Amino acid sequence: MSRSRLMTVSERWFRLLLCLYPVDFRDDMGDAVVEAYRDRARDALSRGGLTRLVSVWLYALFDSLRNGSGERARPAASWRRSGNWGRDAELVTRRLLRARAFTAATLATLTLGLGMFAVVYTAVHKILIAPMPYRDSGDLYYVWRDYGPNLDLKKGALAGSDIAALQQAGGVIEGAVGLQRFLGGIFSLREDTDPMEIAVTVTSPALFDLLGITPALGRGFARNEVGPGHPLVIVLTHELWNRLGADPATVGRDVRLNGRPYTVLGVMPPGFRFVRNEPIGPAQRVDAYVTFEVNLAETNPKAAACSGLIRARRGTAPEAVAAAVEAVGRAVDERDFSGRGLKLYPVGLKTDLVARARPALLVLVAAGLVLALMLTVNLASVLLARAAQREHEFTVSRALGANDGAVMRAMLLEGGLLGLLGGALGALAAVWGTRALVAVAPLDLPRREAIAIDWGIAGAVILLGLLLGLLAASVPALWAARTSLSFLLASSAVRGGGGHGRMRRGMIVAQVALSLVLLSSGGLVVRSFERLLRADPGFKPEGLFTVRVRTPPEFFPKPNDAIGFQDRIQAALAALPGVTGAGAASTLPLIATTGQTTITIPGAPGNTGDAERDALLVDVIAARAGYVEVMGMRLLAGRAFEESRPSGVFEAIVDSNLARRFFPGANALGARIPYEKDWLTIVGVVEQARLYDVHQDGRPELYVRAEDWGVRPLFYVVRTERPPHTLLPEVQAAVRRIDTRVAVGDPRTMEQIVDDTLRQQKTSAALIVAFALGALLLAAMGLFGVVSASVTRRRHELAVRLALGADHPRVLRLVLREGALLVGVGVLIALPGIYAAGRLIRGVLVGVSPSDPLTLLAVTLGLALVTLLTCYVPARRVLTIEPAQLLRQ
Amino acid sequence: MGMDRARRRTDERPALRPVEFHILLSLAAGERHGYGIIQDIEARGETMVPDVGTMYRALARMLESGLIEAAARRRAPDADDERRNYYRITDGGRRAAKTEARRLEMLMRAARIEGLLPKETK
């Protein structure tokens, strides 16, 4: 290549490199820089040839990269290039500080709105989005039984034999563990001292490996520490260990569980909060872990009481996992159910856990987003109003040569600054907000303890604030920049006019529409909550106190010992001062833990003759005499269980659903039900005391006498005339007097239990209503501003009207009509939104249709009333117009 | 406004940066074009010869702050007679260079006293 050609190439390269410099530097110095490089390149070429030249090229590249970016970042230069942001920021700050009331009001609105949004966002993020704190948690699945045609049970527990089958499956199923409730968790550090009630889970030894968590102290279970005859070992959670005094020497010691010695192997880390998902009802907290004392493969496949947890090979697609689990299910079906269609299916660990909370959370997020949108529109209209006040200033500054960019920049800065501050304050407010939410959140809300603002969320909220501010400011910025100079001068001559009126009215319409959407959802949710509050759960919760007192077989090996103990406890409780009655049962209403069985009633009139359809899956509750009365359940026919037990007869009480199913229009009393190789005789029919939901019946219920079947009831209920919770010390003392080895657990009033069930609905109802009222307030404020400005602007016109003979009421109506029109248009626009919102919230509504006309009408009327009132206040100012005086000015 | 800001900055500046002092030194001897200044610096035995970009950024700033000014663009005999931008030192630049030279001299003296440099032999 010729020398001159090489120089040309070099020059091209140097020119290309110039692009790395900012444009103004390029304009001033670019040619000179290229020339200097040319000089250097020529020197290099003549001294060292091509290699030397290439090194100059490379050198020029590094030089330009370094100095180009350096020059771009230089403060003075960047100022010159992009305008005086610093000075603008200074002016905006000063302007905001001058208008204290405006700034404070705007920031307060933003803080509240963004704070509320942040709280909801935090909850949703932590519950629905953030991964569970286990290794590759996406590969963990729960497995459940779908009984198919065998039973009307779509989500049932697994049998131990199913777990064993999953463990042997191999392929994509890397590991499987069973989890089961440990019956009776009476725990003490030493024999017969300070017994306490804890929640224990029985599991396979591989649980912690499967989750990928190692204990903080000591070790987890070894592979062989399971099955019949193995030494008893226990692993504690950090919370329990703390409760026991956080003594590191606890590891390796023997503790007592139901009176038997267990060796403490280890303590889990502080953040480890595994819960055991159950086929029905909320997930269960765990305080300690022990391993199965049976060989899972040898358990009865019909006795299903395990939750199954599996880990799939890393990154396996959910469909592949499902296929593998189904294959195991088919084998189980063949082997244990003679191929009658039992299925196994996996559900993602988190999906399964949050399934119950998900619909309500999604509704809240949607409400939060609508509120954020509303805040944007509101801020935009407020900023627009402010911009309108500064029309004159804009006109002057533009006359003095400010360009569109400068005017827009000032507006954007103002909005951005407000949004940024609002976001920061909102994030700060949300720190307390989330704490408040956790305090009122349902106790079984999954991952409740994880709900707290973190830096990421705070950053997201601040960013949202900034975006919202900029978005809001872009409306007045565009307006201010687009409006022509002459128009501004002309309209600012009459002070306070301006072409922004239509835009502002449009925004009011949008606000009215958005707030109506939120209000309608809020109204529906409140109505549904009120339905829940008024729902009759089938018992009378007032004045009921409940405790759990276990009767472990280790302490009471013979059934008669247990019955005697229970008799004594029940009698002692009934004898407490202020107590009118005591009863006991294997479960309590609304806590959703009980066993099921399938019953048939041969010869019942309701039978269809189809054997499969005549077998009914029912919840079995073992109750002692007195339970039905103390609970305040309604007896529809027959009688409850009495103190004296007739010999040779096993009594049963059925609920009205079961009676109706088998004895439509006939008397169920006296009918006999085959039950555990014996026969039950129906002595009474009751209305269902609901086990799952306050507002709707669950499965049919079958009550058997606890004493007849050696069932050891857990829950004692006393009815009292005193405030129920004050009974606890006396109950504890009474139990201790009877037996020092057992503990009183889970003291709750029945009203608390009802309350806990309603908590989720209550929390989401409260939040949605808060959102809706906030939205209404925003809309009202906006409307107030518009009408107020309109009165100011139209003063002259109105004065002329008055002077020409219109009376004041007529003029008032004129102004009001403007507001009413905005509201009316807003309502019309809201209709599709209300429809969409209704579809979204359908899942969380109870007993209310999403298009409930009464609610929607009431909400709309309420909105119209409030907004018209806010119109009326500023509109009344027209009454003070003195036409003669005004026109003279 | 921009000039005010820039000038204030020059006055407040405690010392010239090395590259700026080099430029002023070269221009004190007469008008130079950019690559000429670099060659001067190389000739002075400076170990850290500034990059082209660094020098032109310095030139731009010094033009802005009035330490130097642009001279007429003309043919450069040392660059194949191509036309080049020439720069010239201003009175302010000369003052600044003198101040810097005095400062350096003072530092030098201090370095001798502290034994960092050999004592001057006269």
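Modeller: This is a predicted model. Let's start with helix H1 of chain A: what covers the buried residues of H1(A) includes H2 of chain A.

Biologist: Which residues of H1(A) are buried?
Modeller: A:Ser10, A:Phe14 and A:Leu17. Seen down the axis of H1(A), the buried residues fall within an arc of 55°, so they line one face of the helix.

Biologist: And which exposed residues sit on the face turned away from the buried side?
Modeller: On that face H1(A) carries A:Ser4, A:Arg5, A:Thr8, A:Arg12 and A:Leu16.

Biologist: What span should H1(A) have, and how far apart are its end C-alpha atoms?
Modeller: H1(A) covers residues 3-18, which is 16 residues. At 1.5 Å a residue they should span 22 Å. The end C-alpha atoms are 23 Å apart, which agrees.

Biologist: Switching to the contact between the chains. How many residues does each chain put in?
Modeller: Chain A gives 17 residues and chain B gives 16 residues.

Biologist: Which helices of chain A supply at least two residues each to the side that touches chain B?
Modeller: Helix H2 (23-73) and helix H3 (75-82) of chain A. H2(A) gives the most, with 15 residues.

Biologist: How does that side of chain A divide into nonpolar, polar and charged?
Modeller: Seven nonpolar, two polar and eight charged.

Biologist: Now chain B. At what angle do H2(B) and H4(B) pack?
Modeller: About 75°, with their axes 10 Å apart. H2 of chain B is residues 18-28, and H4 of chain B is residues 52-65. Angles of 65 to 115 degrees count as roughly perpendicular, so H2(B) is roughly perpendicular to H4(B).

Biologist: Which residues make the contact?
Modeller: From H2(B), B:Val19, B:Glu20 and B:Ile23. From H4(B), B:Thr54, B:Met55, B:Ala58, B:Leu59 and B:Met62. By class, the contact of H2(B) with H4(B) has six nonpolar residues, one polar and one charged.

Biologist: Last topic: where is A:Ala806?
Modeller: A:Ala806 is in the loop between helix H22 (795-803) and helix H23 (808-841) of chain A.

Biologist: Why does A:Ala806 count as partly exposed?
Modeller: Because A:Ala806 has 15 C-beta neighbours inside 10 Å. Buried takes 20 or more, and exposed takes 12 or fewer.

Biologist: What is A:Ala806 in contact with, leaving aside its neighbours within four places in sequence?
Modeller: A:Arg801 and A:Val811.

Conventions: Residues numbered from 1 in each chain as written. Chains lettered and ligands numbered in written order. Predicted model: local features only at pLDDT ≥ 70, side-chain atom pairs only at ≥ 80, totals over all residues. Contact = placed C-beta atoms within 7 Å. Helix = DSSP H or I, 4+ residues; strand = E, 2+ residues; numbered from the N terminus. Nonpolar A, V, L, I, M, F, W, Y, C, P; charged D, E, K, R; others polar. Axes fitted to C-alpha atoms, helices over the stretch in contact; angles between N-to-C directions. Parallel < 35°, antiparallel > 145°, perpendicular 65-115°, else oblique. Expected span 1.5 Å × (residues − 1). Arc of directions from axis to C-beta.
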